[in-house]
Amino acid sequence: MLTHFSRAVAQLTDPKMRRVLWLGIAGALAIFTILWAIVWWVLANVDPASIWGLATIVEWMGGAFDWLAGLAFFGTLLVATFLMFPAVVTIVVGLFLDQVAEVVEQRHYPELGEARKQPLLETLASTVKFAAIVVLLNLLVLPVYLLLLLIPGANLLLYYLLNGYLIGREFFELAAFRRMDQAEAHRLRRSYRGKVMMAGVMLTFLMTIPVVNLLAPVLGAAFMVHVTQDLLRRQAVRVAG
């Protein structure tokens with residue numbers, strides 16, 4: 001895994017990859033700007049006094065309520081960003097994976113030849129559906145995240161395991177579908193589910209590092225191309241043996 005990751009990092013300096021890298025960063029920032037704007041608009045246009053039960057609290061706390069509300073606003077942005085980053089990265093990867101994979105394959109796997117053609121709308125629809133699942137599952141387990149605050153590090157462990165499984169599965173399938181049909185890709189993933197999940201956990205961890213996480217869409221796509229080819233080679237050796 002570390003070898004595959006190192007290869008992906010090293011190729012970020014490739015001129016062909018740099019163009020996609022900047023597009024990926026711009027795409028991630030654009031999506032988050034829209035999400036932040038939506039959260040900002042909702043919170044700015046909701047009068048706390050109009051919410052049942054809050055009017056009395058607002059009157060009792062006075063100016064302190066505005067201060068706490070500001071903290072709650074920024075806290076909401078941080079939590080939303082943290083929980084939704086895997087989904088956003090997945091959408092960006094769906095847009096640029098073919099370009100990234102082509103650059104990686106030309107350099108490291110020239111013997112593969114031309115990849116299977118996948119309609120962009122089909123790939124994007126599947127990616128958006130998966131991103132919605134990521135967001136929904138993270139929201140469903142949010143109470144568990146909060147409960148696990150009582151155990152230092154436990155909520156982060158759950159976050160990495162849950163999103164590692166989801167990200168590993170989706171990134172792998174996006175890369176694998178270029179070279180095999182869906183049934184073959186699913187069989188290969190099930191045969192090496194542990195390695196796929198480990199790759200997903202590595203990418204999820206990357207997504208929690210500020211600034212570095214902007215590289216996640218392109219870096220993750222390149223990394224998973226290497227992982228997919230490695231698993232295909234292992235499967236061929238297993239069948240031959």
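In the predicted model, helix α7 contributes Tyr159, Tyr160, Leu161, Asn163, Gly164, Tyr165, Ile167, Gly168, Arg169, Phe171 and Phe172 to a contact with helix α9, where the partners are Val196, Met197, Gly200, Val201, Leu203, Thr204 and Phe205. Sorted by class, this contact comprises 12 nonpolar, 5 polar and 1 charged residues.

The packing of two helices is described by the angle between their axes and by the distance between those axes. For α7 (residues 154-176) and α9 (residues 193-206), the axes approach within 7 Å and cross at roughly 110°. Because angles of 65 to 115 degrees count as roughly perpendicular, α7 is assigned a roughly perpendicular orientation to α9. The crossing of α7 past α9 is right-handed.

Thr228 lies in helix α10, which covers residues 216-240. With residues up to four places away in sequence excluded, Thr228 touches Phe172, Ala175 and Ala176; Phe172 is also among the α7 residues that meet α9. The relative accessibility of Thr228 is 1%, so this residue counts as buried, the cut-off being under 20%.

When neighbours within four places in sequence are left aside, Phe5 is in contact with Met202, Leu219 and Phe223. Phe5 and His226 are separated by 221 residues in sequence, while their C-alpha atoms are 8.2 Å apart in space.

Methods. Residues are numbered from 1 along each chain as its sequence is written. This is a predicted model: local features need pLDDT of at least 70, side-chain atom pairs count only at pLDDT 80 or more; totals for chains, interfaces and linings use all residues. Side-chain values use heavy atoms; hydrogens and water are left out. Helices (H or I, at least four residues) and strands (E, at least two) are DSSP runs, numbered from the N terminus. Buried means under 20% relative accessible area, exposed over 50%, partly exposed in between (1.4 Å probe, protein chains only). Contact means heavy atoms within 4.5 Å. Axes are lines fitted to C-alpha atoms, for helices over the stretch in contact, and angles run from 0 to 180 degrees between N-to-C directions. Angles under 35 degrees count as roughly parallel, over 145 as roughly antiparallel, 65 to 115 as roughly perpendicular and the rest as oblique. A crossing is left-handed if the near helix is turned anticlockwise from the far one by less than a right angle, and right-handed if clockwise. Ala, Val, Leu, Ile, Met, Phe, Trp, Tyr, Cys and Pro count as nonpolar, Asp, Glu, Lys and Arg as charged, and the others, Gly among them, as polar.
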